[in-house]
Number of protein chains: 2
Amino acid sequence: MITRKGQATRDRILAEAAALMFQQGVAGTSFEDLQAAAGVSASQIYHYFGDKHSLTCAVIGYWSDANLGFHKPLLAHLDDIDALRAWAQAIVASARANDFRGGCPLGSLASELADRDDVARNDVVVGYRRWQGAIRDGLGAMKARGALVESADVDQLAMALLAALQGGLLLAKTFRDGEPLRTALNTTIDHIASFATPQRRS
Amino acid sequence: MITRKGQATRDRILAEAAALMFQQGVAGTSFEDLQAAAGVSASQIYHYFGDKHSLTCAVIGYWSDANLGFHKPLLAHLDDIDALRAWAQAIVASARANDFRGGCPLGSLASELADRDDVARNDVVVGYRRWQGAIRDGLGAMKARGALVESADVDQLAMALLAALQGGLLLAKTFRDGEPLRTALNTTIDHIASFATPQRRS
């Protein structure tokens, strides 16, 4: 059993590892960096996380949870297309608060790891599936409320939104400007609006 | 002046560096790797490219040229929405030929470098702008031929297509499956089809 103090240490190591891997990449993050950032010894890191590979997978889970923590509340009450547009605005505002640096933590991990580590790749797939599921559930609820027509394929629309979000965040981080992200999300939402029931289109 | 033999050596070093950085990332590619792959000495690499930073920027240019070499011919004759769908199919087929590994070389470089190297970031921006420009020119030619209505904003639609492509390639590489890429491109093209002149919609 892990003590409360042990849990706090574990949480601190994980949060610092997540921040470092986001800023410096997985390959660019050493245990020495992490020891300095978290104020722990190498043996504490090994004790809680085993090797760097296990730590990397824990970081993928960390960012996947953080994503859902941000998106789920916004997606939980999609009454109409305007609510979807508000979600997109919140994403752009969040990226702007970071000066459009960093992009998507999960996307950066995917880009670095997908071809180099199959276990990590599968963990990112789980993270993306949870994310797509949250978007799909939001669109599905809109449809259940009668805001989207029956023919709207919420699975495909959720995947298209996730792709627009991933591509938009990567372009925004590169251009250091919100316009590509805004355009990518708005264009996909404009398309979803074509599935809005006539009286609720906006 | 560079001799023909010198040019061939320079080209070989660049092609091998581009392949290595695509497979292993920039941080994961050493001059030792490159010496072995290209069969050259470290002093030859320094002679033609200076330091690793200059070599990295040359690799960004290499992949930007390769992108245009693939996309421009396909985008040069966009007569209608079907031609746009054929372009999307060619992209998915090309990714499938690579077993959906690797994703977009320019996108991977963007993801790794955008927050860590401002000169490289700007070079990727140039690459993305050329790419968006090729897509916009294709859509602009469609519009000039009367296949898209006047109100179609080809700048924004090109940016949305580029974002769908970048996000779709990243998801396809992670899922190791073409469906996210196909869905992302098809959804954006479905939206563009809503700007097709009525007799040419498909």
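**Note on the interface between chain A and chain B**

1. B:Asp115 and A:Lys173 form a salt bridge across the two chains, with their closest N and O atoms 3.9 Å apart. This pair belongs to a predicted model, and the separation falls inside the 4 Å limit applied to such pairs. In total, the rule finds 6 salt bridges across the interface of chain A and chain B.

2. Polar contacts were also counted. Between chain A and chain B there are 12 residue pairs in polar contact, where both residues have pLDDT 80 or more. On the side of chain A that touches chain B, the elements giving two or more residues are helix H1 (4–24), helix H6 (105–113), helix H7 (118–144), helix H8 (154–175) and helix H9 (179–193). Of these, H8(A) provides the largest share, 14 residues. By residue class, this side of chain A consists of 16 nonpolar, 15 polar and 10 charged residues.

3. The extent of the contact may be stated in residues and in area. Chain A contributes 41 residues and chain B likewise contributes 41 residues. About 3,600 Å² is buried between the two chains, and carbon and sulfur atoms account for 63% of that area. Three residues, A:Asp115, A:Thr174 and A:Phe175, supply 17% of the area that chain A buries against chain B, which is more than any other three residues supply.

4. How are the two copies arranged? Chain A is superposed on chain B by a rotation of 180 degrees with 0.0 Å of shift along the axis, at an RMSD of 0.0 Å. The copies are therefore related as by a two-fold rotation axis. Within chain A, the residue that comes closest to this axis is A:Gly167, whose C-alpha lies at 1.8 Å. Of the interface residues of chain A, 100% are also interface residues in chain B, so the copies meet through the same surface.

5. Two annotations from the record deserve mention, both from an unreviewed UniProt entry. The entry lists "domain: HTH tetR-type" for residues 7–67 of chain A. In the model, that stretch is 82% helix and 0% strand, with its end C-alpha atoms 22 Å apart. The annotation "DNA-binding region" in UniProt covers residues 30–49 of chain A. Over residues 30–49, the chain is 80% helix and 0% strand, and the end C-alpha atoms are 14 Å apart. Both annotations may be inferred rather than shown by experiment.

Definitions and conventions. Residues numbered from 1 in each chain as written. Chains lettered and ligands numbered in written order. Predicted model: local features only at pLDDT ≥ 70, side-chain atom pairs only at ≥ 80, totals over all residues. Heavy atoms only, no water. Contact = heavy atoms within 4.5 Å. Buried area = accessible area lost by both parts, 1.4 Å probe. Salt bridge = Lys/Arg side-chain N within 4 Å of Asp/Glu carboxyl O. Polar contact = N/O pair within 3.5 Å; in protein donor to acceptor, adjacent residues only side chain to side chain. Helix = DSSP H or I, 4+ residues; strand = E, 2+ residues; numbered from the N terminus. Nonpolar A, V, L, I, M, F, W, Y, C, P; charged D, E, K, R; others polar. Least-squares fit on C-alpha atoms with pLDDT ≥ 70 in both.
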